[in-house]
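Dear colleague,

I am handing over the structure we discussed, and my notes follow it. Please read them with the model open beside you.

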Amino acid sequence: MSEPDLSAARALLQRVFGHADFRGLQADVIGAVLAGRDCMAVLPTGGGKSFCYQIPAMLREGVGLVVSPLIALMQDQVASLRAAGVAAARLDSTQDRDARREWLSAAREGKLDLLYVSPEGLFAHGMLDFLEQCQIALIAIDEAHCVSQWGHDFRPDYRALGQLADRFPNTPRMAVTATADLKTQADIRTQLRLEHAPAFIASFDRPNLILSAERKSPRPQERLLELAHARRGKSGIVYAATRDHVEKIATALQGSGIPALAYHAGIDAGLRAERQHRFQEEEDIVMAATIAFGMGVDKPNVRYVIHADAPKSIEAYWQEVGRGGRDGENAEGFCIYSANDLRRAIMFANQSNATDLVKSIQIKKARQLYTFLDGLTCRRAGVRRYFGEEGVEPCGVCDVCTDPPVSIDAAELAAKAISAVMRLDQRFGRGRVIAHLLGKAGDGIDQQYAARSTFGIGADQPEGHWRAVIEHLLFEGVLSEGDGERPTLAIGDEDAVRAIFRKARPVRMREPAKTGRRSKEERSAARGARNAAKAGLAGADAQLFEALRNWRRDTARAADVPPYVVFNDATLTAIVGAKPKDLIALARVPGIGEAKLKRYGAEVLAILLAGF
Ligand code: ADP
Ligand code: ZN
């Protein structure tokens with residue numbers, strides 16, 4: 001890596017984007033690309049992946065090609081780049097022919113620094129031939145995990161991107177992603193023909209995320225509203241598994257006075273785009289969504305992400321909660337999960353038309369997620385270990401760290417529950433198994449089973465404990481549940497069952513919830529919120545911040561861009577902190593580059609002076 005190259009890159013970072021220096025692995029990645037090398041970069045969401053290709057694209061001769069799967073993602077990046085005065089464009093199916101022609105000739109004439117294109121667009125007729133005639137600075141493949149079956153978001157059209165290696169042998173190619181476990185990383189390398197490229201794998205730590213997870217309560221809707229109301233005025237995302245659940249959540253939030261929108265693939269594309277736009281623009285809005293609302297969402301001040309149903313895998317979880325706090329300020333993640341969610345995940349995997357290999361990967365990933373959610377270790381540390389990080393310390397702020405769950409030895413309870421499932425011939429669902437354990441016989445067929453030796457062996461425990469034990473065994477895969485409307489409990493892992501009976505396998509689980517526990521969790525959430533406010537602004541500073549925010553809102557509205565394209569919250573906070581008195585001092589505030597200084601400097605100073 002040659003120093004002069006990097007100092008040019010740093011100067012550009014300062015002049016155009018207004019940031020003092022690179023952070024994390026940005027300098028290493030940029031150094032490699034500027035030296036003309038291929039590379040793979042795995043940087044967590046919010047880690048500043050975009051600069052890794054944007055800056056080398058601007059410095060190297062020719063146009064930087066960015067392959068990205070979603071139009072929304074491209075639109076936002078192009079809007080932000082243009083706001084910073086960078087020559088950037090995108091090609092997509094929504095544009096008319098004249099617009100396309102204009103951008104393509106700009107690319108050929110060397111007038112563009114960055115051109116964003118979807119994989120379909122790239123492989124559209126004649127496109128690669130055309131690009132071969134252009135000077136290409138680099139090729140960045142964003143969301144590179146989509147190439148892998150081991151990944152959680154496989155896109156078959158990504159497979160074809162490997163051929164870029166032959167088409168552009170002398171152009172540095174970069175694979176960039178925010179989420180790739182070890183197997184996915186290996187797959188990215190082979191599929192994208194980056195076997196010998198250096199890999200830059202950042203830590204997956206996100207110190208500003210405050211995480212917690214809890215089992216679904218009997219009244220999940222109420223719990224959700226409680227969480228949202230405690231965060232009124234803040235922007236959040238609520239993920240749910242089905243369209244129907246999304247609509248219900250949006251309606252419930254609206255009905256309780258929280259501005260909320262619904263987003264899922266069943267909504268007309270135009271309306272979807274409009275809602276995404278509103279979400280980006282409005283400061284206190286909550287989006288209830290399926291995972292169709294995902295890539296391309298990079299609103300920086302999302303203050304919380306709630307999973308009303310559990311996600312599909314730890315990768316998906318991390319990517320989804322990762323949409324909170326991208327501005328570096330604290331954000332909360334709540335995950336609400338249940339054995340039913342796991343059952344549904346397994347059912348969907350089994351019903352999909354994926355190969356058996358992919359199905360078994362999906363089921364394994366779902367089980368890993370539940371073991372993690374229901375486990376006894378720090379949330380953030382758990383995720384980081386999953387991505388292969390070593391020597392990870394507990395985060396100190398998640399629910400497990402701040403309010404460690406008490407674990408119990410449940411070997412004996414487990415053996416009783418499993419025996420009951422077996423004595424009931426694996427024919428009944430959870431409710432009947434628990435009734436049997438408690439010694440409660442109904443009529444008809446139940447009577448017949450009341451004579452079995454397991455009838456009533458669990459009468460010394462409350463019903464809720466049995467529910468918890470059975471859920472735990474389901475999470476661990478020791479028991480399994482059928483696919484039907486009224487799923488029956490069956491033996492899952494026979495080896496595990498034998499080991500439990502032989503007392504050769506410990507069963508440690510969370511102490512089943514007692515009444516009143518939830519309010520304790522709420523108390524600790526409230527504690528977290530107070531601390532966040534303490535770190536924030538108060539008094540005159542808070543007023544100044546409000547004034548700047550109002551100005552930002554009006555300015556953004558007039559220009560029809562999201563507020564953070566003008567300045568993000570971190571920059572506003574920095575302005576309040578620095579209280580610059582002139583343009584020179586203002587230019588020193590992180591986040592203010594040349595273009596923005598020129599466009600907004602005078603207005604910002606006017607607000608500051610009025611406030612003194
Ligand atoms: P992601 O890795 O999720 O794509 P982005 O590239 O969108 O992240 O960057 C996330 C945020 O971090 C952006 O607001 C960006 O301006 C900011 N950022 C990136 N690099 C730096 C840096 N070196 N210094 C300060 N802010 C940065
Ligand atoms: Zn922790």
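Does Cys-401 count as buried, partly exposed or exposed? Cys-401 counts as partly exposed because its relative accessibility is 24%, where buried means under 20% relative accessible area, exposed over 50% and partly exposed in between (1.4 Å probe, protein chains only).

Please note that this is a predicted model, in which local features need pLDDT of at least 70 and side-chain atom pairs count only at pLDDT 80 or more, while totals for chains, interfaces and linings use all residues. Residues are numbered from 1 along each chain as its sequence is written, chains are lettered from A and ligands numbered from 1 in the order in which they are written, and side-chain values use heavy atoms, with hydrogens and water left out.

Cys-401 is one of the residues that coordinate the zinc ion (ligand 2), together with Cys-378, Cys-395 and Cys-398, each through SG, at 2.3 to 2.4 Å; donors are N, O and S atoms within 2.8 Å of the metal (3.2 Å for Na, K and Ca), and sites may look incomplete since water is not among the atoms. Along the chain, these donors follow the spacing C-x16-C-x2-C-x2-C. The site is tetrahedral, with angles of 103 to 119° among its 4 donor atoms (four donors count as tetrahedral if all angles lie between 85 and 135 degrees).

Arg-193 is partly exposed, at 36% relative accessibility, and Asp-425 is partly exposed, with a relative accessible area of 39%.

Conventions:
Four donors count as tetrahedral if all angles lie between 85 and 135 degrees; four count as square planar and six as octahedral if opposite donors are over 155 degrees apart and all others between 65 and 115; anything else is irregular.
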